[in-house]
Amino acid sequence: MIRGQIAFREDTMRGTIVRLQLKVARDVSMRRAESMRAIADLGIEGDLNARKDSLRQVLLMAEETLAMFELEAGRVRENITTRGIDLKSLARGTRLRAGSA
């Protein structure tokens, strides 16, 4: 389950999960979640973007980036809002560990 803390697989940096959301249907508001289940090579269980080979299986957004644009968490329809991780420095395919995932 995903909730609470988040870390790089190499455990070199830690951050916090601020908010979790699911996209349950097109053109519908994202649904907040207390926890979610990540499925390897698919995405987040119950999320519309959870598809094999999808380029957007999970969208993470840094709270710090949202603050620069004066946006609230969830405004860009991200699945996971983080604090304390420089997401833009991550290479594509970087694996993160969150909760028991």
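## Secondary structure

The protein chain contains 1 helix and 8 strands in this predicted model. Read from the N terminus, its elements follow the order β-β-β-β-β-β-α-β-β.

## Pairing of strand β2

Strand β2 spans residues 14-22. With strand β7 (residues 80-83), β2 forms an antiparallel pair joined by 4 bridges; here Ile 17 lies opposite Thr 82 of β7.

Strand β2 also runs antiparallel to strand β3 (residues 31-33), and 3 bridges connect these two. In this pairing, Leu 22 faces Arg 31 of β3.

## Nonpolar core

The largest nonpolar core comprises 8 residues: Ile 17, Leu 20, Leu 22, Ala 33, Met 36, Ile 44, Ile 80 and Ala 98. The greatest contribution to this core comes from strand β2, which supplies 3 residues. In soluble globular proteins, nonpolar side chains tend to be buried together.

One member of the core, Ile 44, has contacts beyond its neighbours within four places in sequence: these are Leu 22, Met 36, Arg 37, Ala 50, Gln 57, Val 58 and Asn 79. Of these partners, Leu 22 and Met 36 also belong to the core.

## Burial, surface and contact range

The protein chain has 101 residues, 33% of which are buried. Its accessible surface amounts to about 6,700 Å², with 48% belonging to carbon and sulfur atoms.

When contacts between residues at least 6 apart in sequence are considered, 50% of them join residues at least 24 apart.

Methods: Residues numbered from 1 in each chain as written. Predicted model: local features only at pLDDT ≥ 70, side-chain atom pairs only at ≥ 80, totals over all residues. Heavy atoms only, no water. Core = buried A, V, L, I, M, F, W, Y, C linked by side-chain atoms within 4.5 Å. Buried < 20%, exposed > 50% of the residue type's maximum accessible area, 1.4 Å probe, protein only. Contact = heavy atoms within 4.5 Å. Areas by Shrake-Rupley, 256 points an atom, 1.4 Å probe, with all protein chains shown as cover. Pairing = 2+ DSSP bridges.
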